[in-house]
Amino acid sequence: MEFFVTLIQVLDSTIRLSTPLLLACLAGLFSERAGIFDIGLEGKMLMAAFFSAAIAAVTGSVWLGLLAGIASSMLLSGLHGLASITFRGNQLISGVAINFLASGLTVLIAQSWFQQGGRTPSLFGGGRFEPINFPFAESLSGVPIFGPIYSELLSGHSILVYVAFLMVPATWWVLYRTRFGLRLRAVGENPAAVDTAGVSVVGLRFAAVAICGVLCGIAGAYLATALQAGFVKEMTAGRGFIALAALIFAKWRPWHAMWACLLFGLLQAVALRFQNIDLGGIVIPVQMMDALPYILTVVILAGFVGKAVPPRAGGEPYVKER
Amino acid sequence: MEKMPKWADVILIPLISLLLAAILSALVILAIGENPIDAVKLMVTGALGSTYGWGYTLYYATNFMFTGLAVAVAFHARLFNIGGEGQAMLGGLGVAIICLSVPWPHWSIALLAACAASALFGAAWAAIPAYLQAKRGSHIVITTIMFNFIAAAFLNYMLVNIMKPAGSQDPATARFPEATHLPSFQSMFSTADNVVFRGAPANISFFVAVLACFVVWALIWRTRLGYEIRAYGHSETGAVYAGISPVRITIIAMLISGGLAGMMAINNVMGEAERLVLNPTEGAGFIGIAVALMGRSHPFGVFLAALLFGFLYQGGAELALWTQIPRELIVVIQALVILFTGALDNMVRMPLEKLFLGMRKRAE
């Protein structure tokens, strides 16, 4: 029974930790499926985390914070679009620049606004996303097995967690069941064909980059206003890159992205709870858990276990034939 | 026909990009309520106004020369090595092992051995992404990013579980023995009654870095291998037609790149800290990207850009000390430099090309 309680707690924390990964991963999915590589997920999340916490702290409204977070993330997305779509620059270099821009600007502005060493004041009350309790969660918690699963694992998360997991079927539906999704996937594989059909490549790619900005914005706002209560320097801590790893691990597919993010979230949850794991004499050091998402991704990229093939036109600026 | 003269390409465009980055940085300083002109004055006095300031500026510049050259060499083969950070960490591990395990009689021999060890460890860390890119087509940018994180976890493990001296709480190795301490600028240039560079970390590895700039220049423009690397970077199909093996060039270019990034460790680990600590690189691997972009991947350009970033780093530290502007201002400037010289290159280039074409037409 004790094992079961621990298991529920670890899985509960897995869901919390997977949420930002999942949102950022789906953000990257939209962008990369349209042929725009985005290694700036980390920076966009960080920017959104700061602005959501800052605005929520000043206004006391977490919803205004969320909007500010999304807006700031979209601004960076616009910059990425300008560099990589309009001026046909190198998408990877642009992503690197965006990460540094966010990393520097957040601390600079935080220091200038709040003078607390690059953090925002702690959020409380309406400044945070509160957990949502499902109906009867309280009364059902005594039921064996089902009770804890319902009332602790599924119930009691903030609304953004449910939004993130609902985004998975939504993304699947948009990509595979709508005309927009078909064109979006086509523009990532063969933009010339889309252009020939009379559809704007530039427009589609900007739309994809904008969606990416919105989702990264929600991911960042979740970090600062739901998972934690306020912004601290570098609070994304590589999550944007883990999301990128999950995206490759999932081979750019929405449902697989969810499983990949849950797996990487589980690794984080286990590392948080147990530190070094003793498996009957063999100790798995906590650093191994930290490195595992990256190692798994390299293995997948190497194609030893099912090859990950990115969208064919990814990373290539589109030049109309003249 | 060239669209514009060569001098415009190598001098004018970087200068305009730099100017744009400087203007935006000034706006950022204004926006947080400080005076940009005072800030620049403070940075110049702090970084260049004394031998102490110079000692720090040149120390940082040494780091950036190594990582900048690393990125530049890979750029010539059209490879984007974003993993300088991890390679430099592993280089530090190599230096620490070599300094702690062998009783060196003199620093000069230790330095040679440390150069070899750091280059070897850095190159080894770049070898796996290089092999995966060359043989399996895995994107080098993604694999090198992943290897940065793996390197950080690995270094953390090595320091906490293996290399930390017994009884110590600090996740760092023991101090390196006296005989491996490199001569600092203070001991090299001070006379009995005129002490210069007092307490500054600049050391003899600066000259190793300058030498590395020369060697890379000779390698890229004066050897057959350099020619092959440039040819491959220019056109893969052309290179294959000329009998150049893409696999060989990819792997060799990345090994050189990783080795150069690793060699940064002789400056920061052996020269300054004199032991290996957690996160020894402090982002210098990433600054190499900005340095290589600004230096147009030319060793002399890298040298100048590294000096500029050394100045920015030391100046930024002084700003953080005396004003309300945090050190992160440098990260913003670095981002703007990468943005304008790298990603938004065409924004500057396109109008200039039009201008020069127009001028030529009028002349004809």
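This is a predicted model: local features need pLDDT of at least 70, side-chain atom pairs count only at pLDDT 80 or more; totals for chains, interfaces and linings use all residues.
Trainee: How many of the 17 residues of H13(A) are buried?

Mentor: Twelve of the 17 are buried, and H13(A) is accordingly described as mostly covered; a residue is buried if 20 or more other C-beta atoms lie within 10 Å of its own, exposed if 12 or fewer, and partly exposed in between, with C-beta atoms placed from the backbone. Helices are DSSP runs of H or I with at least four residues, strands are E runs of at least two, and both are numbered from the N terminus. Residues are numbered from 1 along each chain as its sequence is written, while chains are lettered from A and ligands numbered from 1 in the order in which they are written.

Trainee: And what covers the buried residues of H13(A)?

Mentor: The cover includes H11 and helix H12 (254-274) of chain A, together with helix H5 (107-136) and helix H6 (140-163) of chain B. Among the buried residues of H13(A) are A:Gln287, A:Asp290, A:Pro293 and A:Thr297.

Trainee: Where is the kink in H13(A)?

Mentor: The kink, of about 45 degrees, lies at A:Leu292, shortly before the proline A:Pro293; the bend at a residue is the angle between axes fitted to the seven residues ending there and the seven starting there. End to end, the 17 residues of H13(A) reach 25 Å from first to last C-alpha, close to the 24 Å expected, the expected span being 1.5 Å times one less than the number of residues. Just after H13(A), A:Gly303 takes a positive phi of about 80 degrees.

Trainee: What about H10(A), where does that one bend?

Mentor: H10(A) bends by about 30 degrees, at A:Ala221. The helix covers residues 201-227, and its end C-alpha atoms are 37 Å apart, in agreement with the 39 Å that its 27 residues should span. Because 20 of those 27 residues are buried, H10(A) is largely enclosed by the rest of the structure.

Trainee: Switching to the interface, how many residues of chain A are in contact with chain B?

Mentor: There are 36 residues of chain A in contact with 36 residues of chain B, where contact means that the C-beta atoms of two residues, placed from the backbone, lie within 7 Å. On the side of chain A that touches chain B, helix H4 (91-114), helix H11 (239-249) and helix H13 (286-302) of chain A each supply at least two residues, and H4(A) gives the largest share, with 14 residues.

Trainee: How does that side of chain A divide by class?

Mentor: By class, there are 22 nonpolar, twelve polar and two charged residues; Ala, Val, Leu, Ile, Met, Phe, Trp, Tyr, Cys and Pro count as nonpolar, Asp, Glu, Lys and Arg as charged, and the others, Gly among them, as polar.

Trainee: Now chain B, how many helices and strands are there?

Mentor: Chain B has 16 helices and zero strands. Its radius of gyration is 21 Å, close to the 21 Å that the globule rule gives for 364 residues, so chain B is as compact as a globular protein of that length; the radius is taken over C-alpha atoms, and the rule is 2.2 Å times the number of residues to the power 0.38. Chain B averages a pLDDT of 90, with 99% of the residues scoring at least 70, and the model scores ipTM 0.89 and pTM 0.90.

Trainee: Which residues does B:Asn63 touch, leaving out those up to four places away in sequence?

Mentor: B:Asn63 touches B:Met264, B:Asn267, B:Asn268 and B:Ala284. B:Asn63 sits in helix H3 (residues 51-76) of chain B and counts as buried, with 30 other C-beta atoms within 10 Å. B:Asn267 is 204 residues away from B:Asn63 in sequence, yet their C-alpha atoms are 6.7 Å apart.

Trainee: And where is B:Phe197 found?

Mentor: B:Phe197 is in the loop between helix H7 (185-189) and helix H8 (205-222) of chain B, and it has a positive phi of about 55 degrees although it is not a glycine. B:Phe197 counts as buried because 24 C-beta neighbours lie inside 10 Å.

Definitions and conventions: pLDDT is the predictor's confidence in each residue, from 0 to 100.
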